[in-house]
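Here are a few notes to read alongside the model. Keep the 3D view open and click along as you go.

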Amino acid sequence: MLRSWLANSPRCRSQLPIFSRCRPFSTDANRRLEGDNDWTEFQANRAGFKALVNGLSQYGSTQTRENTWKLRDSLHNPSRNATISALLASGAHFGHASTRMDPNFMPYAYGTRAGITIIDLDQTLPLLRRAASLVRAIAANDGQIVFIGTRSDIRPVVQKAAERLGEQGYHVGDRWLPGTLTNKWQMFGHDVVRKERVVPDLVILLNPIANMNAIRECALEHVPTIGIIDSNVDPRIVMYPVPANDESTRTAEIIAGVLSIAGREGVMIRKAEEQKRLEEEQRRQEAEERDRYERQRDELDRKAANAYDY
């Protein structure tokens, strides 16, 4: 079959003179090379196979072990940057039925297949990078970030994402209590609201439809929001939408992992800046101390010189 295909293929017709001189490979794996003819046949077959590989390799796939997607623990060891292959493997491109697609989701839809809306991941990836840049900037400015995911399968996701941000990360995994932001004086008490920061600086929602109360309260309190938006959701309900499948646990792990790692980088940037500021302050204090010591020494020398004159 392979030889007949090679004979009819115009791309590989130039390689046929080499293959025509080669005998078929022996099916006996234990056959020994007994004479010169067997050795010549073995060398010819090996040269023909090498020519076959060289002739067809230029028409094969461009994927290698370095650029293809690899299965990894996206919950405990997420990747810093998401890729199209990783999003495809997680099922991020599957939307809802095309009859349920929100009209405002049209710019993020690639098309339909078997009645299912296919999400354009070429739109998802840059929007995810924009959201990651926002998280990094807010974390670098000592902002508080809240991850919300109230489904049972994504509760560990928001918990791990908040842990990566340390003291600046929080999560809601069970249920958003209505009035947490809009009724904060009665919810937390006047002393807590005056002394602590109750309103977060950024809210990330992994299942926004089930948390519309949180979205409304964030809008009233002017808190920016990032959300995974499926094809049946209006992207305008959040400030920074990331179009993807909001029912896929692996998709939530990838997106939350990318955003949480960006937040951790922002925390490290803030700590590095604080350390640099402390070092500069220490150097300034040391310089002032040296100047004060030199002034005192000069003053004592001057007094001693005046006393000697008398």
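What percentage of the 310 residues in the protein is buried? Buried residues make up 38%. Bear in mind that this is a predicted model.

1. Take the contacts with a separation of 6 or more, and 61% of them link residues 24 or more positions apart.

2. The protein's accessible surface is about 19700 Å², and carbon and sulfur atoms hold 51% of that.

3. Next, go inside. The largest nonpolar core counts 37 residues, and those with the most contacts within it are Ile145, Phe147, Leu202, Ile204, Leu206, Ile226 and Leu259. Several elements give two or more residues to this core, including β4 (145-148), β6 (202-205), β7 (225-229) and α10 (249-309). The largest share, nine residues, is from α5. As background, nonpolar side chains in soluble globular proteins tend to be buried together.

4. Click on Ile226 for a closer look. Beyond its neighbours within four places in sequence, Ile226 has contacts that include Ala131, Leu134, Val135, Leu202, Tyr240 and Leu259.

5. Last stop, α6. Its residues Val157, Val158, Ala161, Ala162 and Arg164 are buried. They sit on the same side of α6, because they cover an arc of only 155° around the axis. Just after α6 comes Gly166, with a positive phi of about 65°.

Definitions and conventions. Residues are numbered from 1 along each chain as its sequence is written. This is a predicted model: local features need pLDDT of at least 70, side-chain atom pairs count only at pLDDT 80 or more; totals for chains, interfaces and linings use all residues. Side-chain values use heavy atoms; hydrogens and water are left out. Buried means under 20% relative accessible area, exposed over 50%, partly exposed in between (1.4 Å probe, protein chains only). Contact means heavy atoms within 4.5 Å. Accessible areas come from the Shrake-Rupley method with a 1.4 Å probe; for residues, only the protein chains shown count as cover. A nonpolar core is a set of buried Ala, Val, Leu, Ile, Met, Phe, Trp, Tyr and Cys residues joined through side-chain atoms within 4.5 Å. Helices (H or I, at least four residues) and strands (E, at least two) are DSSP runs, numbered from the N terminus. The arc is that of the directions from the helix axis to the C-beta atoms.
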